[in-house]
Amino acid sequence: MTQADIIVYGAHWCPDCRRSKQFLGEHQIPYTWIDIEEDKQAEQEVIAKNQGKRIIPTIVFDDGDFLVEPTNAQLASKLGLKTHASRHHYDLIVVGGGPAGLTAAIYTAREAIDTLVIERAAFGGQAAGTEKLDNMPGFPDGVAGIEFSQRLRQQAERFGVELLQAQEITTVYQKDNYHCVETADGSQYSSKTLLITTGSRYKRLEVSGESDYLGAGVHFCATCDGPFYKGKQVAVVGGGNSAAEESLLLTKFADQVVILVRKGAFKATQFIQDKVLAHPKIEVRWHTEVSAFSGARGKLKELKIRNNQTHQSEVLPVDGAFIFIGLTPNTGFLKGSGIVLDSWGFIVTGQALKQCRGLPPLFEDRDPFLLESSIPGIFAAGDVRDASTKQVVSAAGEGGSVALEIREYLKRV
Ligand SMILES: Cc1cc2nc3c(=O)[nH]c(=O)nc-3n(C[C@H](O)[C@H](O)[C@H](O)COP(=O)(O)OP(=O)(O)OC[C@H]3O[C@@H](n4cnc5c(N)ncnc54)[C@H](O)[C@@H]3O)c2cc1C
């Protein structure tokens with residue numbers, strides 16, 4: 001089945017339509033969206049398919065088949081995604097199929113460690129949603145995030161990694177010396193070792209236009225995307241250390257950097273604040289919030305900003321905007337697992353566990369491996385790990401390193 005001809009009939013106010021579109025988007029499956037409130041002929045087609053009822057979303061596939069208000073599981077099944085594993089027990093289960101998880105799986109499967117990767121969306125993680133990775137070693141002209149992700153997946157498949165998609169892990173627990181995971185549909189799998197590579201999400205402002213210009217003017221990483229703005233004007237949103245440090249980095253490329261700070265002062269350390277405030281290319285606007293992003297021909301052109309003291313609004317022309325208001329780790333499913341997290345929710349590993357609360361009593365006769373969590377045999381790598389550097393190359397690097405630690409661990413159990 002070719003997936004390019006999927007049509008989603010719905011309406012802008014319908015939450016199930018949004019969920020279905022999000023599912024297709026996360027799995028990078030192209031579709032056409034038709035709002036039946038703006039297209040009367042499409043509305044009649046929906047009514048005809050549903051025996052006189054106007055039910056949305058109605059999703060039509062190119063084989064003529066259609067699904068009405070499908071669950072994510074029904075969509076996954078129709079699209080032929082592999083959502084259930086062939087067995088219940090593995091040497092290693094990897095939770096999360098981004099650069100860290102897939103790299104680890106390539107290493108372990110190559111060493112004949114029986115490996116299952118469980119991914120809730122599309123393989124490649126955040127990297128798959130990145131238009132172009134310009135800083136990947138070995139790709140002199142850069143590489144599209146989607147292409148890089150497909151290559152990782154193909155390589156994992158070549159070494160026999162078993163890959164599940166559209167399955168979210170909701171629980172992690174221990175039973176009879178095994179590590180167990182449960183998926184949202186209730187499936188359970190166990191393994192001798194568990195690797196968590198579930199990454200993190202950049203916090204968004206959640207205002208109009210923001211998601212329309214992701215990667216086309218709206219960015220979350222100055223190291224990654226700053227070099228695209230040589231000689232241009234950019235805005236930075238945020239008042240913490242990241243916003244201040246990344247603004248300084250952006251001055252190496254942009255002609256002007258306008259920092260928009262919601263409060264009347266920075267939260268950044270004094271040393272960095274002093275550097276920012278003295279920099280000739282940086283202008284700081286206090287008490288300023290972004291209320292909308294807008295542009296033309298798919299490219300960001302301006303921000304609508306508002307002073308939260310005077311309530312005055314204005315339009316700020318920009319070539320790009322960088323948002324640094326924090327990161328949320330994907331670790332909600334670890335609640336109750338006993339895995340030690342830092343105060344932001346990232347997984348603490350290795351020697352950092354000692355500084356955290358003293359080494360957990362579970363480690364009686366050895367120190368944890370560098371990428372091992374507070375529970376022996378459960379490892380973490382990439383963006384989800386406390387103190388990781390939030391780059392593709394370092395996530396993949398940690399994936400390789402953790403695979404070698406897992407190999408050593410498995411020799412002992
Ligand atoms: C817009 C954007 C642009 C970027 N540009 C660059 C760049 O140019 N260069 C660069 O080096 N870095 C860039 N980065 C950062 C880079 O993408 C990340 O550092 C990298 O992808 C982290 O890899 P990871 O494997 O640790 O985590 P992720 O890539 O976040 O992958 C984690 C995976 O785990 C899955 N997952 C989460 N929870 C669960 C669960 N409960 N069950 C199952 N699966 C789960 C997620 O769906 C995801 O696929 C960018 C990031 C963004 C958002």
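Ile36 sits in the loop between strand 2 (31–35) and helix 2 (40–49). Ile36 counts as buried because its relative accessibility is 0%, under the 20% cut-off. The model is predicted.

**Around Ile36**
- Beyond residues up to four places away in sequence, Ile36 touches Tyr9, Gly10, Ala42, Glu43, Val46, Arg54 and Ile56.
- Ile36 and Ser242 are 206 residues apart in sequence. Their C-alpha atoms lie 44 Å apart in space.

**Salt bridges**
- The whole structure holds 21 salt bridges.
- One of them joins the side chains of Glu37 and Arg54, at 3.3 Å from N to O. This pair links distant parts of the chain, 17 residues apart. Glu37 is in the loop between strand 2 and helix 2, and Arg54 is in the loop between helix 2 and strand 3 (58–60).
- Both partners are partly exposed: Glu37 has a relative accessible area of 33%, and Arg54 has 36%.
- Glu37 and Arg54 also belong to a salt-bridge network with Lys40 and Glu43.
- Asp65 pairs with Lys78, with the closest N and O atoms 3.0 Å apart. Asp65 lies in the loop between strand 3 and strand 4 (66–68) and Lys78 in helix 3 (residues 72–78), so the bridge ties together parts 13 residues apart in sequence.
- Asp65 is partly exposed, at 39% relative accessible area.
- Arg151 and Glu147 form a salt bridge at 3.0 Å, N to O. Both residues lie in helix 6 (residues 145–158), four residues apart, or about one turn of the helix.
- Arg151 is partly exposed at 44% relative accessibility. Glu147 is partly exposed at 34%.

**Backbone geometry**
- Most residues other than glycine have a negative phi, and most peptide bonds are trans.
- The peptide bond from Ile56 to Pro57 is cis, with omega near -5°. Pro57 lies in the loop between helix 2 and strand 3.
- Arg297 has a positive phi, near 45°. Its place is the loop between strand 18 (288–296) and strand 19 (299–307). Arg297 counts as exposed, at 85% relative accessibility.
- Lys390 has a positive phi too, near 55°. Lys390 is found in the loop between strand 23 (378–380) and helix 11 (392–412). Lys390 counts as buried, at 16% relative accessibility.

**Gln165, a buried loop residue**
- Gln165 is in the loop between strand 9 (162–164) and strand 10 (169–175).
- Gln165 is buried, with a relative accessible area of 8%.
- Leaving aside neighbours within four places in sequence, Gln165 is in contact with His27, Leu81, Lys82, Thr83, Glu119, Ala121, Ala122, Phe123 and Arg153.

**Positive surface patch**
- Lys203, Arg262, Lys263 and Lys267 gather on the surface in a patch of positive charge.
- Lys267 is in the loop between strand 16 (256–260) and helix 9 (270–278).
- Lys267 counts as exposed because its relative accessibility is 74%, over the 50% cut-off.

Definitions and conventions: Residues are numbered from 1 along each chain as its sequence is written. This is a predicted model: local features need pLDDT of at least 70, side-chain atom pairs count only at pLDDT 80 or more; totals for chains, interfaces and linings use all residues. Side-chain values use heavy atoms; hydrogens and water are left out. Patches are made of residues with over 30% relative accessible area and no salt bridge: like charges are joined within 9 Å, nonpolar side chains (Val, Leu, Ile, Met, Phe, Trp, Tyr) within 5 Å. Accessible areas come from the Shrake-Rupley method with a 1.4 Å probe; for residues, only the protein chains shown count as cover. A salt bridge is a side-chain nitrogen of Lys or Arg within 4 Å of a carboxyl oxygen of Asp or Glu. Lys and Arg count as positive and Asp and Glu as negative; His and the chain ends are not counted. The place of a charge is taken as NZ of Lys, CZ of Arg, CG of Asp or CD of Glu. Helices (H or I, at least four residues) and strands (E, at least two) are DSSP runs, numbered from the N terminus. Buried means under 20% relative accessible area, exposed over 50%, partly exposed in between (1.4 Å probe, protein chains only). Contact means heavy atoms within 4.5 Å.
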